[in-house]
Amino acid sequence: MSLFKVENLSISFGGLKAVDDVSFEVEKNSIFSIIGPNGSGKTTIFNLISGIYKPDSGRILLEGENLVGYLPDKVAKKGIARTFQNIELFEHATVMNNLMLGRHIHMKTGIWSGGTATLFGRRSRAAKEEIKNREFVEKIVDFLDLQAVRDQFVANLAYGKRKLVELGRALALEPSILLLDEPSAGMNTEEKEDLNIWIKDIQEIYKVTILLIEHDMNMIMGISDRILAINQGKKIVQGLPQDVQRHPEVIEAYLGEEG
């Protein structure tokens, strides 16, 4: 059984089918990329998976469990984290505080029990929990080479660094599946090369299954295990990178976009 499966997914906005009967499967610990021209429905699929939208029809299965109808916080608790095409960070908080927010679903002791309760050693448990979560976040800081900016406000960071902080916060959720929506957007060539390495390391070191939306075709072809190509909300083809790249409808869709 595949780790993750989308079956006959559809959604319309104002009578326009944004996603039209799309199905695909993702194997555990693989990098699965979704490509297509602008407006083809890629981000809408991510919004459906993460619970921001509810589909008109279809199923979203994680290890056989249908996630349709789950709100985003419940989807996150099931082990699906994501980054956004437009960065979603707390700009007036530090890098560390943003990363710690990614640990919220793992915190068993609430603010009251951690900050005020002393009966039965509750404060001690809360303190131990915070230390454990900080240690996890410190490893992410080291992994993404964020030591130099860890105490800086996100608002003061270059765009490429902000993208890394958002990636780090998603990793802090300790996901089994990571949705990356245009992670290299706004990055320079050197930052993109580093990101390639980090994505592969996330797959190999953290054992995370990755779903990737990305316009940089060199990145897509270089790191993807399998690719789904869509256009106007419909599936064109799914397969190995070299097969998808040569598919005539994929070539036509991209040449049409360039034209």
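This is a predicted model: local features need pLDDT of at least 70, side-chain atom pairs count only at pLDDT 80 or more; totals for chains, interfaces and linings use all residues.
**Cavity**

Residues are numbered from 1 along each chain as its sequence is written, and side-chain values use heavy atoms, with hydrogens and water left out.

My note on terms: on a 1 Å grid over the protein atoms alone, a cavity is a set of points where a 1.4 Å probe fits but cannot get out, and a pocket is an open set with protein on both sides within 12 Å along at least five of seven lines; lining residues have an atom within 4 Å of a point. Points are joined across faces, edges and corners, and a volume is the space filled by probe spheres set on them.

The largest cavity has about 60 Å³ of space. I listed its lining as T83, F84, K163, L164, E166, L167, P183, M187 and L195. Helix α6 gives the largest share of that lining, four residues. (Helices are DSSP runs of H or I with at least four residues, strands are E runs of at least two, both numbered from the N terminus.) By class I get six nonpolar, one polar and two charged; here Ala, Val, Leu, Ile, Met, Phe, Trp, Tyr, Cys and Pro count as nonpolar, Asp, Glu, Lys and Arg as charged, and the others, Gly among them, as polar.

Next I checked open space: the largest pocket holds about 430 Å³. It has 19 lining residues, and A76, R82, F84, R169 and L173 are the closest to its centre. Which elements give two or more residues to this lining? They are α2 (72-77), β6 (80-82) and α6. α2 gives the most, with four residues. I counted eleven nonpolar, three polar and five charged residues in the lining of this pocket.

**Cores**

Then I looked at the largest nonpolar core, which has 46 residues; L178 and I210 touch the most other members. Such a core is a set of buried Ala, Val, Leu, Ile, Met, Phe, Trp, Tyr and Cys residues joined through side-chain atoms within 4.5 Å. Helix α6 (residues 159-172) gives the most to this core, six residues. A second, separate core of 28 residues includes L9, V22, F24 and L179.

Contact means heavy atoms within 4.5 Å.

**Helix α1**

Is α1 (residues 42-49) largely enclosed or open? Seven of its eight residues are buried, so the rest of the structure largely encloses it. Buried means under 20% relative accessible area, exposed over 50%, partly exposed in between (1.4 Å probe, protein chains only). I noted K42, T44, I45, F46, N47, L48 and I49 as the buried ones. Just after α1, G51 takes a positive phi of about 90 degrees.

**A93**

I found A93 in the loop between β6 and α3 (95-101). A93 counts as buried because its relative accessibility is 15%. A93 and V154 sit 61 residues apart in sequence, yet 6.3 Å apart in space, C-alpha to C-alpha. Residues up to four places away aside, A93 touches N98, Q152, F153 and V154.

**Whole chain**

Last, I noted that the chain has ten helices and ten strands, and that 48% of its 259 residues are buried.
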